[in-house]
Amino acid sequence: MATTGSMIKELKEYARVNDVPIMQDEGIDFLTTFIVKHQITHVLEIGTAIGYSAIMMALASPNVKIVSIERDEERYLEAVKNVKKFGLEDRISLLFKDALEVKLSEKFDLIFLDGAKGQNINFFEYFERNLDDHGFFITDNIEFHGYVSKDEEEIKSRNLRALVRKIKNYIEFLQTNPNYNTTFVSKGDGIAVTEKKEIG
Ligand code: SAM
């Protein structure tokens, strides 16, 4: 019988062979440790891909429930298969939709932004209403493979330059947001942890 460890390895191998971007090991370690440390119970994830990070978050704590959104049908269907394989259907709900078209009334104590990197401000503003008063946003790929710290002229591709500019705008948006405090963690591909400021 396959062990959890061997099934996780298989997921990662599928992602590698099929060019599916999933969270790096260091990032996953940070995220799962964070979930345990802060006793997170209700996670919203933007960008399921094949379900790897959702499964890892659910495995980190038996108290965690996750809603995860994916707009790519092939990846969504693969995620449905994977969540079933791990027997986590009761704790991971998968939605096949563009995140910005999903309307949720629930509140979450962690909103994990791992969708299109140029859309983070839109995701943040759209899902702010779903964040619990003591909740966190966590955003992955803040360093974007080292490109965010490079001079623009060093980046040859125009599309990549535009994307990096959007990530920099998001960083500034977080740093100057009067309602939140953000810590930047240089783990994996760079992670931002954003917390609501206490009022009063
Ligand atoms: N969180 C996954 C993991 O670590 O296992 C990886 C997610 S991958 C980096 C980003 C995913 O977000 C892609 O599969 C992409 O199709 C999806 N995505 C991008 N923009 C989206 C949107 N607006 N709504 C829903 N899904 C989106």
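Q: Which residues does isoleucine 92 touch, leaving out those up to four places away in sequence?
A: In this predicted model, isoleucine 92 touches Ala54, Ile55, Ala58, Ile66 and Val83.

Q: Where is isoleucine 92 found?
A: Isoleucine 92 is part of strand E3.

Q: Buried or exposed?
A: Isoleucine 92 has a relative accessible area of 4%. The cut-off for buried is under 20%, so isoleucine 92 counts as buried.

Q: What separates the C-alpha atoms of isoleucine 92 and glycine 51?
A: A distance of 9.2 Å. Along the chain, isoleucine 92 and glycine 51 are 41 residues apart.

Q: Moving to serine 61, where is that found?
A: Serine 61 sits in the loop between helix H3 (52–60) and E2.

Q: What is serine 61 in contact with, beyond neighbours within four places in sequence?
A: With those neighbours set aside, serine 61 is in contact with Ile35 and Arg91.

Q: Back up a bit. How many helices and strands does the chain have?
A: There are six helices and seven strands. Along the sequence they come in the pattern α-α-β-α-β-α-β-β-α-β-α-β-β.

Q: What is the radius of gyration, and what would a compact globule have?
A: The chain has 17 Å. A compact globule with 200 residues would have a value near 16 Å, so the two agree.

Q: And what box do the C-alpha atoms fill?
A: Taken along the principal axes, the box is roughly 50 × 45 × 30 Å.

Q: How many of the residues count as buried?
A: Of the 200 residues, 47% are buried.

Q: What part of the contacts comes from residues 24 or more positions apart?
A: Such pairs account for 68% of the contacts with a separation of 6 or more.

Q: Charges next. How many positive and negative ones are there?
A: The chain has 26 positive and 33 negative charges, and their mean positions are 2 Å apart.

Q: How many salt bridges?
A: The structure holds eight. One of them joins arginine 71 to aspartate 98, with the closest N and O atoms 3.6 Å apart.

Q: Where do arginine 71 and aspartate 98 sit?
A: Arginine 71 is in the loop between strand E2 (65–70) and helix H4 (73–85), and aspartate 98 is in the loop between strand E3 (92–96) and strand E4 (108–113). The pair links distant parts of the chain, 27 residues apart. Aspartate 98 has 22% relative accessibility, so this residue counts as partly exposed.

Q: What does aspartate 114 form a salt bridge with?
A: Its partner is lysine 117, with 2.6 Å between the closest N and O atoms. Aspartate 114 is buried at a relative accessible area of 16%, and lysine 117 is buried at 15%.

Q: And arginine 165, what is its salt-bridge partner?
A: Glutamate 152, with the closest N and O atoms 3.0 Å apart.

Q: What relative accessibility do arginine 165 and glutamate 152 have?
A: Arginine 165 is partly exposed at 39%, and glutamate 152 is partly exposed at 29%.

Key: Residues are numbered from 1 along each chain as its sequence is written. This is a predicted model: local features need pLDDT of at least 70, side-chain atom pairs count only at pLDDT 80 or more; totals for chains, interfaces and linings use all residues. Side-chain values use heavy atoms; hydrogens and water are left out. Helices (H or I, at least four residues) and strands (E, at least two) are DSSP runs, numbered from the N terminus. The radius of gyration is taken over C-alpha atoms; the globule rule is 2.2 Å times the number of residues to the power 0.38. Buried means under 20% relative accessible area, exposed over 50%, partly exposed in between (1.4 Å probe, protein chains only). Contact means heavy atoms within 4.5 Å. Lys and Arg count as positive and Asp and Glu as negative; His and the chain ends are not counted. The place of a charge is taken as NZ of Lys, CZ of Arg, CG of Asp or CD of Glu. A salt bridge is a side-chain nitrogen of Lys or Arg within 4 Å of a carboxyl oxygen of Asp or Glu.
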